[in-house]
Each structure stands twice: as C-alpha cells, then as structure tokens.
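The sequence and structure come first.

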Amino acid sequence: MKTLTPFSLFFMAKLCLGDNSYTTKYDGINLDEILASHRLLTGYINCLLDKGPCSPDGKELKNNLPEAIDNDCHKCTQRQKEGADKVMHFIIDNRPEDWDKLEEKYNSDGSYKLKYLTTKLSENSEDVSKNYDEDDEEVNESRDHTSDNDHDTEMENH
C-alpha cells in the first residue's frame, strides 16, 4: 500500500545523495512560514500539478516524488517524515481542493488521507474519553464531598 503523497518530500529532501538517503539540505526550512504563505504554498502546488513554473528545488522534488511514494519515503530521515506529515496534514485540513488534485496525480488510491483521518479520529476519541474520565472523577469527588456535608448537617440536626 502506498501511504506517501506529494508532500511527503515537500520542502525537504529535494535532492538525492547517492542511493541511500535524500539530502538534509532543506531540513532547516521553516515549514510554518511556508504554510502560512498562500503564495509560496500555491507556487509549489502549481509546480507539482504542472500548472506553473518550478523553481530548481521544485523540479527536483517532482523528479523524486514517484520514487519516494513507491518506497514509502524509505530514504527520508525521521525529521523529513515528520515535516512531510505536517505539510500533508495542513493541506488536507486547510486546502482540501488542492489536496484532491495532488492526491489524484500522486496517490490516487487515497491511502494517505484515509490513514491520517483514521489516526485523527482515534486521537479525538482518546481525548474525549480522557475528558470523560476526568469529568467522572470530578463528579465522584463532588459526590463524596456532598455526602460528607450531608452527614455533618444530619449530625447537627440531632
């Protein structure tokens, strides 16, 4: 199953160094700044979709994407994988129309988005369960405190 999509190498690992790994030259890039800039992000998206010009690093990214998708980013460092997930999650959540176009071109089975949304749903369920457990503890503590007060009041009345 292919779980990698176009942005798995986005802003990272744009040039190959030998056969074992992608370059770490772009690991220091500020992804938050790129994601906050509609213009910059759109430029890369258009490059990947053949709808606009590509910078030299954009061309290299396009050349490496098929291999990275085929081998599940095997040549990526952990930092690159985390950065790729961050970018992909942003695109899925904030620019779904662009995601659909990229997914159609690079990951047509939709496996990455499904994996991400399943994980997101699971995390949200865990958060709800945790909050429910914390609320339940507070209710029990409140009941214990109320029971003590009722007992004290009952003693005063006798």
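## Lys105 and its partner

Lys105 is partly exposed, because its relative accessibility is 38%; here buried means under 20% relative accessible area, exposed means over 50%, and partly exposed lies in between (1.4 Å probe, protein chains only). Lys105 forms a salt bridge with Asp50, with 2.5 Å between the closest N and O atoms. A salt bridge is taken as a side-chain nitrogen of Lys or Arg within 4 Å of a carboxyl oxygen of Asp or Glu. The two partners come from distant parts of the chain, 55 residues apart: Asp50 sits in the loop between H2 and H3, and Lys105 in helix H5 (residues 96-106). Helices (H or I, at least four residues) and strands (E, at least two) are DSSP runs, numbered from the N terminus.

The model is predicted: local features need pLDDT of at least 70 and side-chain atom pairs count only at pLDDT 80 or more, while totals for chains, interfaces and linings use all residues. Residues are numbered from 1 along each chain as its sequence is written, and side-chain values use heavy atoms, with hydrogens and water left out.

## Other salt bridges

Asp50 also meets the side chain of Lys62 in a salt bridge, at 2.2 Å from N to O. This pair again links distant parts of the chain, with Lys62 in helix H3 (residues 56-70) and Asp50 in the loop between H2 and H3, 12 residues apart. Lys62 has 23% relative accessibility and therefore counts as partly exposed.

A further salt bridge joins the side chains of Lys120 and Asp93, at 3.0 Å from N to O. Lys120 belongs to helix H6 (residues 111-157) and Asp93 to helix H4 (residues 78-94), and the two are 27 residues apart. Lys120 is partly exposed because its relative accessible area is 30%; Asp93, at 37%, is partly exposed too. Through shared partners, salt bridges join Asp50, Lys62 and Lys105 into one network. By the rule used here there are six salt bridges. Side chains of opposite charge can pair when their charged atoms come close.

Most residues other than glycine have a negative phi.

## Packing of H2 and H3

H2 and H3 pack with their axes 10 Å apart and at an angle of about 50 degrees. Axes are lines fitted to C-alpha atoms, for helices over the stretch in contact, and angles run from 0 to 180 degrees between N-to-C directions. The two helices are therefore oblique to each other, given that angles under 35 degrees count as roughly parallel, over 145 as roughly antiparallel, 65 to 115 as roughly perpendicular and the rest as oblique.

H2 contributes Tyr44, Cys47 and Leu48 to the contact, and H3 contributes Asp57, Gly58, Lys59, Leu61, Lys62 and Leu65; contact means heavy atoms within 4.5 Å. The buried residues of H2 are Leu41, Thr42, Tyr44, Ile45, Cys47 and Leu48. These buried residues pack against helix H1 (31-36), H3, H4 and H5.

## H4 and Tyr116

Asp85 lies in helix H4 and counts as partly exposed because its relative accessibility is 31%. Asp85 and Tyr116 are 31 residues apart in sequence, and their C-alpha atoms are 8.9 Å apart in space.

## Whole chain and confidence

The protein chain has six helices and two strands, in the order β-β-α-α-α-α-α-α from the N terminus. Of its 158 residues, 35% count as buried. Among contacts between residues at least 6 apart in sequence, 71% join residues at least 24 apart.

The mean pLDDT (the predictor's confidence in each residue, from 0 to 100) is 74 for the chain, and 68% of residues reach 70 or more. Confidence is highest in helix H2 (residues 38-48), at a mean of 92, and lowest in strand E1 (residues 16-17), at 41. Residues 11-18 have pLDDT below 50, and this stretch has 38 contacts in the model beyond near neighbours in sequence. Over residues 1-6 the pLDDT stays under 50, with 27 contacts beyond four places in sequence.
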